[in-house]
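Colleague: Please take one part of this model and look at it closely. Then set it against the rest of the chain.

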Amino acid sequence: MEPRKRGQLIHLLHQAQTQEGYISAEAIAAIARKLKISEGEVFGVVTFYKGFSLKPQGKHKVTLCMGTACHVRGAPLILDELERTLQIPAGETTPDGLFTLETVNCVGACALGPIVIVDGEYHGQVKPREVKNLLVKVDENLDRLKEQ
Ligand code: FES
């Protein structure tokens, strides 16, 4: 794909994601038609960049670092606690649309691991027992979390 067209494609994908919160199948089809390229080419770019999502995202984004340093400092226990509390596996969004849980490999703060990032705010040396409070702080209407 020529660089100019690729630039247009990325611009349109950003627009679609900003408007809908993710890249829908309809958006992929519409962008492909507009740029006169195949849906496969659009899909290839969407999946290449981690910033684009093919699934609707929650209101709050919870990211756990599972890089080596965080892993040895207890990240798997934090993941268990996040998944148990949110009742979803990593990579999914809660049915009420409030939280998306994802994992990444190293965010460059290894000495402070395990790291949990909630809506862009970094929390270091997180303990399993602190997980629920981190989530409740984000959205105080989370009665179902408070009751657990
Ligand atoms: S491994 Fe988690 S910040 Fe580097």
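Modeller: The expected span of a helix is 1.5 Å times one less than its number of residues. Helices here are DSSP runs of H or I with at least four residues, strands are runs of E with at least two, and both are numbered from the N terminus. The model is predicted: local features need pLDDT of at least 70, side-chain atom pairs count only at pLDDT 80 or more, and totals for chains, interfaces and linings use all residues. Residue numbers start from 1 along each chain as its sequence is written.

The part I pick is α5, residues 75–86. This helix has 12 residues and reaches 16 Å from its first C-alpha to its last, close to the 16 Å expected at 1.5 Å a residue. Its buried residues are A75, I78, L79, E81, L82, T85 and L86. They sit on the same side of α5, because they cover an arc of only 165 degrees around the axis. (The arc is that of the directions from the helix axis to the C-beta atoms.) Buried means 20 or more other C-beta atoms within 10 Å of a residue's own; exposed means 12 or fewer; partly exposed lies in between; C-beta atoms are placed from the backbone. After α5 comes Q87, with a positive phi near 60 degrees.

Now α2, residues 25–35, where A27, I28 and I31 are buried. These buried residues line one face of the helix, since they fall within an arc of 100 degrees seen down the axis of α2. A25, E26, A29 and R33 are exposed on the other side of α2. The cover over the buried residues of α2 includes α1 (3–20) and α3 (39–48). K36 follows α2, and its phi is positive, near 55 degrees.

The domain assignment, automatic or from a database, gives domain 1 (3–48) and domain 2 (60–147). Their centres, taken over C-alpha atoms, are 30 Å apart.

Next, the strands. They pair if DSSP finds at least two bridges between them. β1 (60–65) runs parallel to β2 (99–104), with six bridges. C65 has V104 as its bridge partner in β2. β1 also pairs with β3 (116–118), antiparallel, over three bridges. There, L64 is bridged to V116.

Last, a loop. K127 lies between β4 (121–123) and α6 (131–138). K127 counts as exposed because it has 11 C-beta neighbours inside 10 Å. From K127 to V107 is 20 residues in sequence and 18 Å in space, C-alpha to C-alpha.

Key:
Contact = placed C-beta atoms within 7 Å.
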